[in-house]
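Thank you all for coming; I would like to walk you through one chain this morning, from its overall make-up to a few individual residues. Please keep the display in view while I talk.

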Amino acid sequence: MEAIRSTLEKFISDDYLHQAILAAKDTYLQQCQKEDNAHAYFQLGQFYYQDWSNGHIPDLANALDYFQKASDLYHPVASYMLYVLLDSHEEEVEKLHGHLQESDLMLKRGKLCLKAAAYGRRSSNAHKEITYTIVHYNSWRATYLKILEEYQQMIENNVANQDYGQLYNVTAYLLWMTNEDRDLQIYKQAIHYFKIASSQYHHPAGYYNLADWALAAYANITGDDVDEEMTECMKLAGQYGHPLALYHLANESNNPASDANQRNIQMRDYLLRSSATIGYAETLVCLGCLYLHGITNGQSDFKLAKRYFEQACLAPSYEASHWIGSHWAFHQLAYIFEKGLDDRVHYDIAASLYAQAGLLKNYHSFCKLAKLIEKNKLVESDISIAIQLYQDAVDHDEDTAGYGNYRLGKIYLKYDNYRDITKSKRCFRLAYKFYKSEIELCANAGHYYRLGLMHHYGYGVTCDQTKASKLYQKCIYEASSSHNLSVKHYRQKAIHKLNVIFDDEHFNQTSLQHDAMGMQSMAGSTTFHPFNDPLWQDQYGLQQQVAVFQENETLKKRMSQMEEALQHMKKRLTLSDSDFHPDPQQVPICNQSIAEEPLSPNSNNPETPDDDQQAMDDVFVNGVKLRKKKAKDSKANNTNHNTSSQPSPTEPSTLATENQELKQENRRLTLEVSTLREQVSRLSVIINKSAKETDL
């Protein structure tokens, strides 16, 4: 990570983040003037502790003051920050608390850390800190035992003016953590104290600790079934406003039996309540995503999404006291600027935010930044940096291994200065292996799309248009019900690629030549031989496969012409019968393998051949309209035939005779098309077998 840090820092500009901090600071100051708000106090404490707007000079006095106010309102990260700062800033601590002996300072710090940890194990780093110090430092263990004794005496003496919900909750947590001998009676007493804190005093952290870990840990010892009790405690913790419980309930609200829109609204409400208590970065990121993708009402609100992502960039994350916030907040905010969703495209700001996310170890952001460089969207567009970022993502994060290897394969294939057949083939095959294994576990539109591309153009695998078409269709199907903007983008790209495949002539002249160029590039030659060049065929042993392709293309063109003629006959039958028989139920309809749009109501009009032809040229895959290849000169011929041969409704005998002839021709064409389909199917088997043998 250290090796790549200097590279990422080249792209970071603090200007945008400075403006966001200044705006947030004003907002939180105004909020604190109106009410006591724990999260606002905490954020102001962070701003003063790490004040970028004042030349990196912290204002520790104000920082400690605001952290203390937030801690008094039970903000766990504020309590933990005080625990940290009281150990390293003696001068400022003396101003606030006077001179403290070392033992007194440890007691004060220990109580702050306990206060944070007892709020929830994932609410800050306090739980990890206590777990470590109790085991490794006798002085800290003695301090926590002293605090435990003090709290137990307060409970026994029923001391007045105490928050007994908080007191029972912290004491229960401390009983559990100091029970090194694993005494069952002590664990039982801890559970009892948690239940008093929750059921008697309705303390949200008491409910949450029972639901999150205490009941499950106790059940592991006793063998009790506590699942229902844990579920009920989590609901009550959320009901009483515990932010982590609300976040948990938001993520568990996707009950398949309920209405999807109601689930999304319920999830949004949980997240809004959670962020109103303590604005953790993860909660704010989830809210931003809801509005970015329009999940609750189908309409995206980019301004609101951007605001939540900006807040999340400055908020604490679960189990981390680092104030910079969740890496996904930077990543999503960068996406808005890259695509120009809120205002206009800002590649420089997007690159800076991707780099910020990268410093927080978001390897998806590595890939996004690398692609901006690869596509020459930045001033600093050195392709070697893109390779470095892709490779680092591949090496450190298996989730980005597929995409990183795919992009590296294209770079090693297409860029002259970096062309390497061995590396390209290896990267493509690693990407293919990754995507295949992933879709076996869970369907993913993006994975289907890239697998389709790899089969479409022969990237590291056999060029197979049939497989590519099926994978594109799966992408379209998986993306059809998604709100995600990226997934919708893959859907549109898959539709475009299917149109390319459906255009036979384009496939023959462009797609296969694209593959030939890719093969030639891999061979390292600077001279391009067309696909039908015998020298090129001989070099790669493709004579048999090329012959099969050519025969296949001839048959497919003939089949296209027959299908178009068949469609024309059916249309003529429909028109004639509709004139002769007013009842639409009597119109003959032939079953087809491709669903088509109904003919236009104006199709009886010989002056509108374009509309009729369009109806014949549209085919549908998973509800998506695609273009269909037109046979040459068919439109003109059909138009003339329609115009000259349209029977008069006043001559029923002529119509009946012509109908009989058309039906006979229809049956003959249907048989011929069926025969052609069987031939193409057999040839496809030969093609696939030949492709495997030649190992394109």
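What you see is a predicted model, in which local features need pLDDT of at least 70 and side-chain atom pairs count only at pLDDT 80 or more, while totals for chains, interfaces and linings use all residues. Residues are numbered from 1 along each chain as its sequence is written, and side-chain values use heavy atoms, with hydrogens and water left out.

First, the overall picture. The chain has 32 helices and 2 strands, where helices (H or I, at least four residues) and strands (E, at least two) are DSSP runs numbered from the N terminus. Of its 696 residues, 50% count as buried; here buried means under 20% relative accessible area, exposed means over 50%, and partly exposed is in between, with a 1.4 Å probe and protein chains only. Among contacts with a separation of 6 or more, 60% are accounted for by residues 24 or more positions apart.

Ala-334 is found in helix α18 and counts as buried, at 0% relative accessibility. Once residues up to four places away in sequence are set aside, Ala-334 touches Ala-350, Leu-353 and Tyr-354. The C-alpha atoms of Ala-334 and Leu-369 are separated by 9.6 Å, although the two residues are 35 apart along the chain.

The other position is His-127, which lies in helix α8, residues 126–136, and which is buried with a relative accessible area of 17%. Leaving aside neighbours within four places in sequence, His-127 is in contact with Ala-117, Arg-121, Tyr-173 and Met-177. One of those partners, Arg-121, also belongs to a network of salt bridges that links it with Arg-122 and Asp-212.

That brings me to the charged pairs. How many salt bridges does the structure hold? There are 14 salt bridges, each defined as a side-chain nitrogen of Lys or Arg within 4 Å of a carboxyl oxygen of Asp or Glu. In one of them, the side chains of Asp-65 and Lys-69 meet at 3.7 Å, N to O. Because Asp-65 and Lys-69 are 4 residues apart in helix α4 (residues 60–72), about one helical turn separates them. Asp-65 is partly exposed at 31% relative accessible area, and Lys-69 is likewise partly exposed, at 34%.

Arg-268 and Asp-269 form another salt bridge through their side chains, at 3.5 Å, N to O. Arg-268 is partly exposed with a relative accessible area of 23%, and Asp-269 counts as partly exposed at 35%. A further salt bridge joins the side chains of Asp-342 and Lys-303 at 3.4 Å, N to O. Asp-342 lies in the loop between α18 (327–339) and α19, whereas Lys-303 is in helix α17 (residues 302–313), so this pair ties together parts that are 39 residues apart in sequence. Asp-342 is partly exposed, with a relative accessible area of 22%, while Lys-303 counts as exposed at 60%.

Finally, let me turn to some surface loops. Lys-361 is not a glycine, yet has a positive phi of about 70°; this residue is found in the loop between α19 (347–359) and α20 (363–374), and is exposed with a relative accessible area of 53%. Asn-376, again not a glycine, has a positive phi of about 60°, lies in the loop between α20 and α21 (383–396), and is exposed at 57% relative accessible area.

Which residues gather in a patch of negative charge on the surface? They are Asp-224, Asp-225, Asp-227 and Glu-228. Patches are made of residues with over 30% relative accessible area and no salt bridge, with like charges joined within 9 Å and nonpolar side chains (Val, Leu, Ile, Met, Phe, Trp, Tyr) within 5 Å.

Definitions and conventions: Areas by Shrake-Rupley, 256 points an atom, 1.4 Å probe, with all protein chains shown as cover. Lys, Arg positive; Asp, Glu negative; His and termini not counted. Charge placed at Lys NZ, Arg CZ, Asp CG, Glu CD. Contact = heavy atoms within 4.5 Å.
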